[in-house]
Amino acid sequence: MWGMTDATATPPAPESPRPVSARLDDSDPPWPLRPWIMAAICAIAGLIFHFLVDRAYDSAGEPWRAALAALVAVSTLVFVLGVERRRWHWAAGFALLWGAVMGLISWHSAGYNVGGSPVEWPFWSGLLAVLVATPLFQTRRDVAPDWRFWRLWTMPYDRIHGHAWADAVIGAAGLVFTGITFLLMWLIASLFDLIGIDLIKQLMGKSWFGWMLAGAAFGGAVGLLLERDRLVATLQKLVMIVLAVLAPVLAVALVLFLISLLGTGLQKLWDSGFSTAALMLSAAAFAVLLANAVIGNGAADRSGNRLLHGAAAVLAVAVLPLAAIAFRAMLLRIGQYGWTPERIWGVIAVLIALAYGLAGVWALVKGRRGFDDMLRPLQQRLAIGLMLLAAFLALPILDFGAISTRDQMARLKSGAVTAEKFDWAAMAFDFGPSGREALKELAGSPDTARAQLANWALKAEQRWDLVRFEGEEATDIAFAAKPLLERVRVVPEGRDVPEPLLALIEREGDCRASRCVLLWVAADRAALIGRSHRQVTLFKGDPAAGSWARDDRGFRFGGAREGEEAPTSEELETGQVEVRPVTRQQIFVNGKPVGQDFE
């Protein structure tokens, strides 16, 4: 199976030495230096990646650094997984191409939202495209007579399927080996530390060394396994056998579940509190995975067990009703709350699942017992389509934020959602430039409530400033949008609050959900009383410098005492607030205090 090619590409020269090979394909001669070369490449890539992502925790990320980091990481991983000595320049070009694409996606994602991360939905879509494209490239490299790639659907399915499973097994094994390497290095470092040599321990504490070690371990493991792909093929078959045994279990469970729905209806799914669409899509993905584990790479590789083969047929068909339920759940959610980028991605995922479900039903109807012979070429075409779709959606061509902004604004203007229930955090931090522009438009609205809330959202430095607190009391969003001094009661009344102290209280965020009390304890000391887990926060000022800071050292205990209840909102609004001296007892040994005081 593995030795077959449509057109053997660039075989080794006849005079080349032919040592005993552990390779599956005779077109690929042994490459003993591969593990060392791959380890060196990944170690250097790890060091470069560290310098690109290393920054202070509270510093803003730079899109160009995120783009270069993605380029280095993706290009390196794709190259080490896909390179052979034969046509190595193909692998280098393929890896750099996808690295550049992922770099572009990361650069755009990092600058799309305020304080946004490069690892957003487009990044994951692009990564999916890379994962699907890699086995397609590996197969084309093996069988193509030249560099032309546009007849992907005519490539042998067994090779594509085999490369996909092998990449997954090798990648997982490489990660396990990397983890074991770190454990071993910590053991060695601890041994030398016992005798006073802490050099290795100090190196293990350096992030640049950690990235280099991770890269070297992963690259070396991948290179070693690729040089022994007969062993990998055996391990792959073992994994597929284990997964195939689970196919009847999932098939029976899905049949019983779908039959049960005929009696219970779908309403319980909507009332469950879980994301029905996500659960159905997860079940569909597992069904596709286990069905492929049973049917194997080809007719000669399928399981001969009728029970397993029947379970694979059931799983292939079950994908369609699961996807249909997920589609219905998504439509209900969109009808209730409108479009967001996450829901658009969710609908796309559901449509892909529906395509796989229709392919499974079509294969069973046309092929019956030989349904897998019909299903394999359909899955090959679906995989190629999925790669192209994922790459297209990841690129900054369609603006899901703009689509979501138009829909949410239409809901607000039509009265479908009130200003208090409008998702201001999503508009400010999830919908990109379109969302911010819409907020600026609303900030000038003649509707005072909308204008106040829009200004509140625009001024927020992070989305947590706009999060609605759910619990005993849900945050009144109109209250949260008020100026700070309208949310804080100052005692004694009329006392001026310095601007630095106001800014510090705003950053603390304790007064965002409910009213607080600011009690002046002394001219340079104030206490903030609220309903947070701390209940009381002390602040101390420096009159000469005009600055204020938290004074946690003023407490013997952190947070509330056991049995204490937080004051209610009514008590904070009108109750008497004062400082009283309290006498407590404490144990002393030889004149020294021991433990905490007690009543």
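**Close-up 1. H14 and H16, side by side.** Helix H14 (residues 400-414) packs on helix H16 (residues 432-443) at an angle of about 30°, and their axes sit 8 Å apart. Axes here are lines fitted to C-alpha atoms, for helices over the stretch in contact, with angles running from 0 to 180 degrees between N-to-C directions. Helices are DSSP runs (H or I, at least four residues) and strands are too (E, at least two), numbered from the N terminus. The pair is therefore roughly parallel, a label for angles under 35 degrees, with over 145 counting as roughly antiparallel, 65 to 115 as roughly perpendicular and the rest as oblique. Gly401, Ala402, Thr405, Met409, Leu412 and Lys413 of H14 make the contact with Ser434, Gly435, Ala438, Glu441 and Leu442 of H16, where contact means heavy atoms within 4.5 Å. Sorted by class, that's 5 nonpolar, 4 polar and 2 charged residues (Ala, Val, Leu, Ile, Met, Phe, Trp, Tyr, Cys and Pro count as nonpolar, Asp, Glu, Lys and Arg as charged, and the others, Gly among them, as polar).

A quick note on the model: it's predicted, so local features need pLDDT of at least 70 and side-chain atom pairs count only at pLDDT 80 or more, while totals for chains, interfaces and linings use all residues. Residues are numbered from 1 along each chain as its sequence is written, and side-chain values use heavy atoms, with hydrogens and water left out.

**Close-up 2. H1 against H2.** Helix H1 (residues 34-53) and helix H2 (residues 63-82) have axes that come within 9 Å and cross at roughly 165°. The two are therefore roughly antiparallel. On the H1 side the contact includes Met38, Ile41, Cys42 and Ala45, and on the H2 side Arg65, Leu68, Ala69 and Val72 are among the partners. By class the contact has 15 nonpolar, 1 polar and 1 charged residues.

**Close-up 3. H12 against H13.** The axes of H12 and H13 come within 8 Å, crossing at roughly 165°. That makes H12 roughly antiparallel to H13. Among the H12 residues in the contact are Trp345, Ile348, Tyr356 and Gly360, which meet H13 residues including Phe371, Leu375 and Gln379. The contact divides into 18 nonpolar, 3 polar and 1 charged residues.

**Close-up 4. The second largest cavity.** About 70 Å³ of space lies in this cavity. A cavity is a set of points on a 1 Å grid over the protein atoms alone where a 1.4 Å probe fits but cannot get out, and lining residues have an atom within 4 Å of a point. Helix H10 (276-295), helix H11 (306-337), helix H12 (341-367) and helix H13 (371-394) each supply at least two lining residues. Val288, Asn292, Leu315, Tyr356, Gly360, Leu375 and Gln379 are among the residues of the lining, which has 7 nonpolar, 3 polar and no charged residues.

Close-up 5. Most residues other than glycine have a negative phi, and most peptide bonds are trans. Arg87, in the loop between H2 and helix H3 (88-112), has a positive phi near 60°. Val491 and Pro492 are joined by a cis peptide bond, with omega about 0°. Pro492 is in the loop between strand E1 (488-491) and helix H20 (499-508).

Methods:
1 Å grid on protein atoms, 1.4 Å probe; cavity = no way out; pocket = protein on both sides within 12 Å on 5 of 7 lines; lining within 4 Å. Points joined across faces, edges and corners; volume = space filled by probe spheres on them.
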